[in-house]
Amino acid sequence: MERVLPASADAIIAKAIEAVYAFAPLAEKTVVLVPGFITAQVESLSEAIGFDMETLSYTLGMFACYPLGIIMAGLPHGKMKHFFSFLLGAFLLQFTIGKQWIHHFISVIVSYILFLVLPRSLSKTVVPAFIMLYVTLGHLHRQYINYMGWDLDFTGSHMVLSMKLYSLAWNLYDGELIAKGKETKPQKKCADVAVKDLPGLIEFLGYTFNFSTILAGPSFEYKIYADACDGTNLYDKNGKPKGKIPSQILPTLKPFILSIICLGCFVVGNGKFPLLDPTDPQNFTPVVITEEFLKKPWLNRIAYCWFSLFCIRMKYYFAWKNAEGASNIWYAGFEGFDENGNAKGWENSNNVDIVEFETASNVKTLSAAWNKKTANWLGRYVYMRTGGSLVATYGMSAFWHGFYPGYYMFFMSVPLLTACERLGRKKISPKFSSASWTSYDIVCKVVTSIFVEYMVLGFQLLAFDWALAGYKSHYFFGHILSIVFYLAVSQIPSPKKKEA
């Protein structure tokens with residue numbers, strides 16, 4: 001960052017950061033939930049196994065959600081669950097990021113005050129603007145002091161928090177309009193998650209600090225969280241079960257075991273197929289754009305990149321599946337019952353469909369299976385509220401992730417794939433069978449996988465020169481062939497619709 005900023009701007013930023021850092025001793029005093037002996041034991045374990053302290057703390061924090069979830073499931077419904085959710089979420093933040101947990105607390109309290117004093121017509125804009133500004137400053141600070149670094153800080157959990165507060169701001173606005181009978185199309189579509197009244201402080205803290213989702217998500221709606229805490233998803237007003245309550249054992253064990261498998265695949269696979277330089281990923285040239293690597297045949301290089309990115313995804317699969325199981329223990333992932341008393345399922349906490357994502361035959365299916373709750377947030381509260389603007393939606397997604405150029409190179413490339421997919425679905429797909437695993441479907445799966453992996457390369461390389469070199473190492477085939485495909489297929493007449 002210092003290389004591109006004028007000296008005067010750099011001096012101002014440095015002074016601003018120094019002023020904020022002056023409060024560090026006060027923030028340190030707020031870390032009161034983690035006993036010293038626990039920290040000492042983790043440090044000893046970190047040295048013994050060769051894991052850095054941050055990664056080990058985060059991993060242990062993820063697994064700690066399971067015994068905590070068992071306790072949560074045994075607590076009586078009501079404020080006790082909310083308080084426990086808040087207290088343990090605060091503990092996990094202090095355990096994993098130390099004094100930086102204070103950013104989470106400040107954001108939550110300020111947002112609650114804004115909800116209290118502002119009318120819903122304003123809070124739906126002011127609260128999202130505030131939390132996105134806070135996340136933005138966090139991203140910029142991280143890039144300024146540790147450009148290209150991978151150290152764990154508060155921005156990860158804050159990204160989850162931003163979705164919760166952003167969503168709740170619109171939920172409250174929708175609830176008010178619905179109560180007045182003034183709902184429009186967005187309110188009608190989001191009526192099932194609308195919130196009529198501002199939650200009490202304990203309920204609000206429990207939701208925003210929810211222990212099973214605070215480290216890696218998913219960010220489910222407030223109403224889903226509240227229904228799990230007060231038992232509404234299981235019991236009626238008279239305390240009687242709405243249907244036969246399913247066991248949470250299998251919905252807990254399945255994602256838990258899968259998360260362990262994914263963690264193992266990541267550790268082993270990332271070691272064998274590193275994308276970045278393992279010795280110094282922050283400064284040394286990434287493996288996939290070194291001179292030595294570029295001497296290999298192109299098919300070998302594209303195959304290596306595919307496996308490398310596949311292994312990197314295992315890290316996300318681990319985190320999301322682990323959080324899914326931890327949420328299912330206390331029925332937060334349970335969707336409730338239909339009008340006939342039949343259990344709906346456990347989709348509330350499911351943030352990724354691994355098989356569907358890895359075998360997707362088009363970008364639409366692939367996007368719907370990846371980071372599903374973030375997609376819901378973008379769809380309900382950005383896309384739907386901006387009149388269906390893809391520019392606003394992809395822009396918000398890139399903005400939310402941070403400001404590394406690679407993010408924007410990726411998100412600006414995705415619409416090109418989307419446009420090609422829509423055109424192909426209109427002019428080519430009707431000529432073939434729509435059944436799965438036909439020759440045409442297999443070709444679509446392979447092409448989708450290869451092209452998306454190519455585009456994602458820029459996202460993972462982060463820096464502009466590294467991302468550009470990554471695309472260049474593959475001759476920009478993803479961009480060039482997409483443009484050629486779009487221009488060529490545009491000339492094909494659309495198939496005539498079958499007469500009824």
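Begin at Gly-402, the residue that follows H18 and has a positive phi, near 140 degrees. Helices here are DSSP runs of H or I with at least four residues, and strands are runs of E with at least two, numbered from the N terminus. The model is predicted: local features need pLDDT of at least 70, side-chain atom pairs count only at pLDDT 80 or more, and totals for chains, interfaces and linings use all residues. Residue numbers start from 1 along each chain as its sequence is written, and side-chain values use heavy atoms, with hydrogens and water left out.

**H18**

Select residues 390–401, which make up helix H18. Its 12 residues reach 17 Å from the first C-alpha to the last, close to the 16 Å expected at 1.5 Å a residue; the expected span is 1.5 Å times one less than the number of residues. At the start of H18, look for a side-chain oxygen of Ser-389, which comes to within 3.5 Å of the backbone nitrogen of Val-391.

Now colour by burial: buried means under 20% relative accessible area, exposed over 50%, and partly exposed in between (1.4 Å probe, protein chains only). The buried residues of H18 are Thr-393, Met-396, Ser-397, Ala-398, Trp-400 and His-401. Among the elements covering them are helix H7 (120–145), helix H8 (155–179), H19 and H20; contact means heavy atoms within 4.5 Å.

**Ser-413**

Move to Ser-413 in helix H19 (residues 405–427). Ser-413 counts as buried because its relative accessibility is 6%. Leaving aside residues up to four places away in sequence, Ser-413 touches Met-455 and His-479. With His-479 there is a side-chain to side-chain polar contact of 2.8 Å. Such a contact is a pair of N or O atoms within 3.5 Å; within protein, one must be able to donate a hydrogen and the other to accept it, and residues adjacent in sequence count only if both atoms are side-chain atoms.

**H20 and H21**

Select Tyr-454 and Tyr-471, an aromatic pair that is tilted, 5.0 Å centre to centre with 45 degrees between the planes. Rings of Phe, Tyr and Trp (its six-membered ring) pair if their centres lie within 6.5 Å; planes under 30 degrees apart count as stacked, over 60 as edge-to-face and the rest as tilted. Tyr-454 lies in helix H20 (residues 439–461) and Tyr-471 in helix H21 (residues 464–473), so the pair ties together parts 17 residues apart in sequence. Tyr-454 is buried at 1% relative accessible area, and Tyr-471 is buried at 2%.

What does its charged end sit over? The ring of Trp-437 is there, with its centre 4.5 Å away; the test requires NZ of Lys or CZ of Arg within 6 Å of the ring centre and within 35 degrees of the ring normal. Lys-445 also meets Asp-441 in a salt bridge (3.3 Å, N to O), defined as a side-chain nitrogen of Lys or Arg within 4 Å of a carboxyl oxygen of Asp or Glu. These two residues are 4 apart in helix H20, about one turn.

**Last selections**

Select Lys-79 and Glu-203, a salt bridge whose closest N and O atoms are 2.7 Å apart. The pair links helix H5 (residues 79–97) to helix H10 (residues 201–208), 124 residues apart. Lys-79 is exposed at 52%, whereas Glu-203 is buried at 14%.

Finish with Arg-313, Glu-358 and Glu-453, which are linked in a network of salt bridges.
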